[in-house]
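Here's a quick tour for anyone opening this structure for the very first time. Take a look at it, then read on for the highlights.

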Amino acid sequence: MINPLRIKRFLSSINVSLWGFLACLFVVQNLVLNFLTQSNHLDDLTLIILIWFGAWLVLPSSQPWRNPHPSTFSLWLGFTLLAAALWRGHMIYSLEPASFFLPLLSGIGLALMVVPIREMKHFWPSLSLLALFPILRAFLAITPQEDLARLNAQLVRIMLLLGDGTVQVDGIRVSLPGGGVSVLDGCNGLSTLVQLFLVSTILFLACPMRHRWQNTVMLLVAPLIGLLINCVRIVFLAIISSSNWPNKTWWFDQLHDGLISLTFPALAMLLFLQMYMIWLEKQVAQLEEQ
Amino acid sequence: MNRTSRFPYFIIIVLALISIFKTIFALSAPFPQAKKQKQLLLTGYRVVPLVAGPVKRGRDFSFGPSQQFELHDKASGRNLLLLIIPIRSRNEKSLQMARMTEFEPKFFLRQRHLRLLSSAIGQELKITQRQEVAMGQGPRTDHAPVVRLQSCLMPGGRAAVTTASIQEHLYHQRNAELARAPFQARLSRFFGLEPNTRWECLAIQLESPDTPGAETSLLKAWAGVAQILWIGLKPP
């Protein structure tokens, strides 16, 4: 005899699988489109991976996709928005602002295919993160790069002076006896700052601190950590450049845009996450004591 | 969720799969919008049109119909070969003359060196445009050696060879044109109803037998050719 409960569970699993599969497809489509059409794809790709990961992390705990109940209107509206995102994606070329809004458009479409419009508020954390992408992208475009490079140079000077180094800074140029480096636009750590800020925003939405001021502090500290770690990288570059090492060119290249250079943003991220977790654990411990 | 409401899911899944497949395997640069030159009138030259080439669609670049002309300098009696190919790239970082040889062997250049020129294009407009050209030798063949001059001409009259120069100019042209465009036009471009940024330029090559005075005659011909051709180029 067929168990109705089993049938219901099976149908429910298809519903979940269907929506989950659809969501995965749109994430993949988004990533592939960005990677293959945008010239600044590495920085943008990291941001897109982070926002989609964050959007998944902060999905509503009630899991409405396990029992999708969209109204007819919201279902077909969601379908239209998703189809529009696919259509617009085919006409995306490099440096088109519309490409920054595709994740949000896809996210709204996916949410509408699960719940009616009046219940969309459950998805606001995820949609907020997807809406952050065009804002961060605009921030990356309008931030005065040279001012940030000068700030990097000054912080590098302070770090080198703390280590008893003889250093001169002229604008973006950091000079040591025997050599030096110029902090050009791509090396000012702006993308790391933005990525750290995004991670702190995700944590704020996923597991916020008890008090508002603590969350604000974390949002401010995250990009600061990114800036400092980037300055550490520039310190190493300056030291290598002014050294007499036989392999200094290889080390410089690796630290500048090779594999070793990628470890610094990862280190900044780990450092921030560690700080966040330690502070969060203290708050949990305090709550338990109370 | 009933059977009826699963129907849009299946359709959009199929569309998404097609989209992913097309993006990965069938991505291509759009065709250039620059029109074919119906005729070329160059003062001081007799222009003879030669055979035209087909359009080519590629992943990184697409080429419009190529045109070749023989230019006979009435003053010196020298014969030059002019090749014009509209090029459009998917992004601004791929667009550079040095990569053209990968797709069109006629652009091959040995001992390439860059030269910066400035010329007044149109006395009425009084524009002095910065022009960057590449000069060098053609391929080693059994035929007589040739000298080539090549550059990519853009709207506004500027010509460039390197990615940085082409990108800088097209980017500024795009922003200037967007700032002038009405709000409705900008909205149409945002939603994809009108064509958006075009990373496009007109690749031009002049070729001369490698005899004394070849470089001078190439530069003289270039000034005339660039002056005529840039007018027909629409802003990106």
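Glu132(B) sits in strand E7 (residues 127-137) of chain B; strands here are DSSP runs of E with at least two residues, helices are runs of H or I with at least four, and both are numbered from the N terminus. Keep in mind that this is a predicted model, where local features need pLDDT of at least 70 and side-chain atom pairs count only at pLDDT 80 or more, while totals for chains, interfaces and linings use all residues. Residues are numbered from 1 along each chain as its sequence is written, chains are lettered from A and ligands numbered from 1 in the order in which they are written, and side-chain values use heavy atoms, with hydrogens and water left out.

**Around Glu132(B)**

- Glu132(B) counts as buried because its relative accessibility is 6% (buried means under 20% relative accessible area, exposed over 50%, and partly exposed in between, with a 1.4 Å probe and protein chains only).
- A polar atom of the Glu132(B) side chain lies 3.1 Å from the backbone nitrogen of Thr162(B).
- Leaving aside residues up to four places away in sequence, Glu132(B) touches several others, including Leu114(B), Arg115(B), Ser151(B), Val161(B) and Ser165(B) (contact means heavy atoms within 4.5 Å).

**Salt bridges**

- Over all chains, the structure holds eleven salt bridges (a side-chain nitrogen of Lys or Arg within 4 Å of a carboxyl oxygen of Asp or Glu).
- As background, side chains of opposite charge can pair when their charged atoms come close.
- One of the salt bridges joins Arg148(B) and Glu207(B), with their closest N and O atoms 2.8 Å apart.
- Arg148(B) is in strand E8 (residues 146-153) of chain B and Glu207(B) is in strand E10 (residues 199-209) of chain B, so this pair ties together parts that are 59 residues apart in sequence.
- Arg148(B) and Glu207(B) are both buried.
- Arg99(B) and Glu102(B) also meet through their side chains in a salt bridge (3.2 Å, N to O), and Glu102(B) is exposed, with a relative accessible area of 53%.
- That pair belongs to a network of salt bridges linking Asp60(B), Arg90(B), Arg99(B) and Glu102(B).
- Over in chain A, Arg150(A) and Glu146(A) form a salt bridge at 2.8 Å, N to O.
- Arg150(A) and Glu146(A) share helix H6 (residues 145-162) of chain A and are four residues apart, about one turn of the helix.
- Arg150(A) is partly exposed at 34% relative accessible area, and Glu146(A) is partly exposed too, at 46%.

**Where chains A and B meet**

- Here, 36 residues of chain A are in contact with 36 residues of chain B.
- About 3100 Å² is buried between chain A and chain B, and carbon and sulfur atoms give 72% of that (buried area is the accessible area, with a 1.4 Å probe, that two parts lose on being put together, summed over both).
- On the chain A side, Leu18(A), Leu36(A) and Tyr93(A) lose the most area to chain B, together 19% of what that side buries.
- The count of salt bridges between chain A and chain B is zero.
- Seven residue pairs are in polar contact across this interface, with both residues at pLDDT 80 or more (a polar contact is a pair of N or O atoms within 3.5 Å; within protein, one must be able to donate a hydrogen and the other to accept it, and residues adjacent in sequence count only if both atoms are side-chain atoms).
- H1 and helix H3 (72-89) of chain A each supply at least two residues of the side that touches chain B, and H1(A) gives the most, with 15 residues.
- The residues on that side of chain A divide into 28 nonpolar, six polar and two charged (Ala, Val, Leu, Ile, Met, Phe, Trp, Tyr, Cys and Pro count as nonpolar, Asp, Glu, Lys and Arg as charged, and the others, Gly among them, as polar).

**Strands in chain A**

- Strand E1 (residues 168-170) and E2(A) pair in the antiparallel sense over three bridges (two strands pair if DSSP finds at least two bridges between them).
- Asp170(A) stands opposite Arg173(A) in E2(A).
- E2(A) also pairs with strand E3 (residues 179-182) of chain A, in the antiparallel sense over four bridges.
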